[in-house]
Amino acid sequence: MKRSLIHSLRLFIAVAAASLSLACVAQAGPPLICHTIEIGQAKSLPWISDNWNLSGGATYDTKNLVRDTLDILVPDTPVLVRMETLRRATLYARKDPVAAKELLARLHARATSAKSSGRPDALAWFDVGYLAETFKQWIGQNLPHMTDGMRMDANPAAGVDGYALVKKALALRGAALHGDDPQMEFAAALITLSGSAAEHREHAQKAIVGAKTDSLLAQNLATRFLGPKTETMSQLLAKN
């Protein structure tokens, strides 16, 4: 009887471990990095590599990364475009640790400067918070078959609570709009995929509801996470 119980427990542990492994495969790769944000015809950083992780023949000069990124992140740039721009900036920044540190510092300085002037900027706080969380999913990470041969520099966003800054942005944005910003809620839902279930659920619900009147956000929620056989983004967010 005891031997049978031990065997059953071992079988349960093995099945649970296999299920967890399959779940990780299903959500392969860091979500802020692996999933491209649809931005239509909006301007973002140039994307000239066929290899998404930029280990191939990309020719973009990262000396221009900070300037080009700041030029795109102007006040009227939609949040979805900001997300995709910061995703691309992170991929480029792994190749240039100096540019990585400078971009994070410049975005933080912009946010704190606006606060000091008495005009706190929700989008500025969003940019530095989202970049910090994106950095943490990519720079300095050793991801098998994804980062092979890439630089392993220290992450300049280590210790920065980017999600807290995004929540600050959400509060400021909500006060300015007298309501939720569904695109920013979508960003927060992606960040919290591996965080608090309650906070994730709240962000995901607000994003999904808001997509009813935001066609580009709806398009993003309808896209697959990774390839045609994976879940749609709305399914992924709702499930988690």
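Colleague: How many cavities of 30 Å³ or more does this structure have, and how do I read them?

Modeller: Rolling a probe the size of a water molecule over the atoms shows where empty space is left. A cavity is a set of points, on a 1 Å grid over the protein atoms alone, where a 1.4 Å probe fits but cannot get out. Here the count is 2 cavities of 30 Å³ or more. Keep in mind that this is a predicted model, where local features need pLDDT of at least 70, side-chain atom pairs count only at pLDDT 80 or more, and totals for chains, interfaces and linings use all residues. Residues are numbered from 1 along each chain as its sequence is written, and side-chain values use heavy atoms, with hydrogens and water left out.

Colleague: What volume does the largest cavity have?

Modeller: About 60 Å³, where volume is the space filled by probe spheres set on the points, which are joined across faces, edges and corners.

Colleague: And which residues line the largest cavity?

Modeller: Lining residues have an atom within 4 Å of a point. Among them here are Ala93, Arg94, Pro97, Lys101, Arg151 and Asp153. Helix H5 (residues 97–116) gives the most to this lining, with 3 residues. By class, the lining has 7 nonpolar, 1 polar and 4 charged residues.

Colleague: What about the second largest cavity, which residues line that one?

Modeller: Its space is about 30 Å³, and its lining is Pro31, Leu32, His35, Ile37, Met83, Arg87, Tyr130 and Leu190. Helix H2 (31–34) and helix H4 (79–93) each supply at least two of the lining residues. The classes there are 6 nonpolar, 1 polar and 1 charged.

Colleague: Which residues touch the most other members in the largest nonpolar core?

Modeller: A nonpolar core is a set of buried Ala, Val, Leu, Ile, Met, Phe, Trp, Tyr and Cys residues joined through side-chain atoms within 4.5 Å; buried means under 20% relative accessible area, with a 1.4 Å probe and protein chains only. The largest core has 57 residues, and Met83, Phe126, Tyr130, Phe186 and Leu190 touch the most other members. Helix H6 (residues 122–138) gives the most to this core, with 9 residues. A second, separate core of 7 residues includes Cys34, Trp138, Leu143 and Met150.

Definitions and conventions: 1 Å grid on protein atoms, 1.4 Å probe; cavity = no way out; pocket = protein on both sides within 12 Å on 5 of 7 lines; lining within 4 Å. Helix = DSSP H or I, 4+ residues; strand = E, 2+ residues; numbered from the N terminus. Nonpolar A, V, L, I, M, F, W, Y, C, P; charged D, E, K, R; others polar. Buried < 20%, exposed > 50% of the residue type's maximum accessible area, 1.4 Å probe, protein only.
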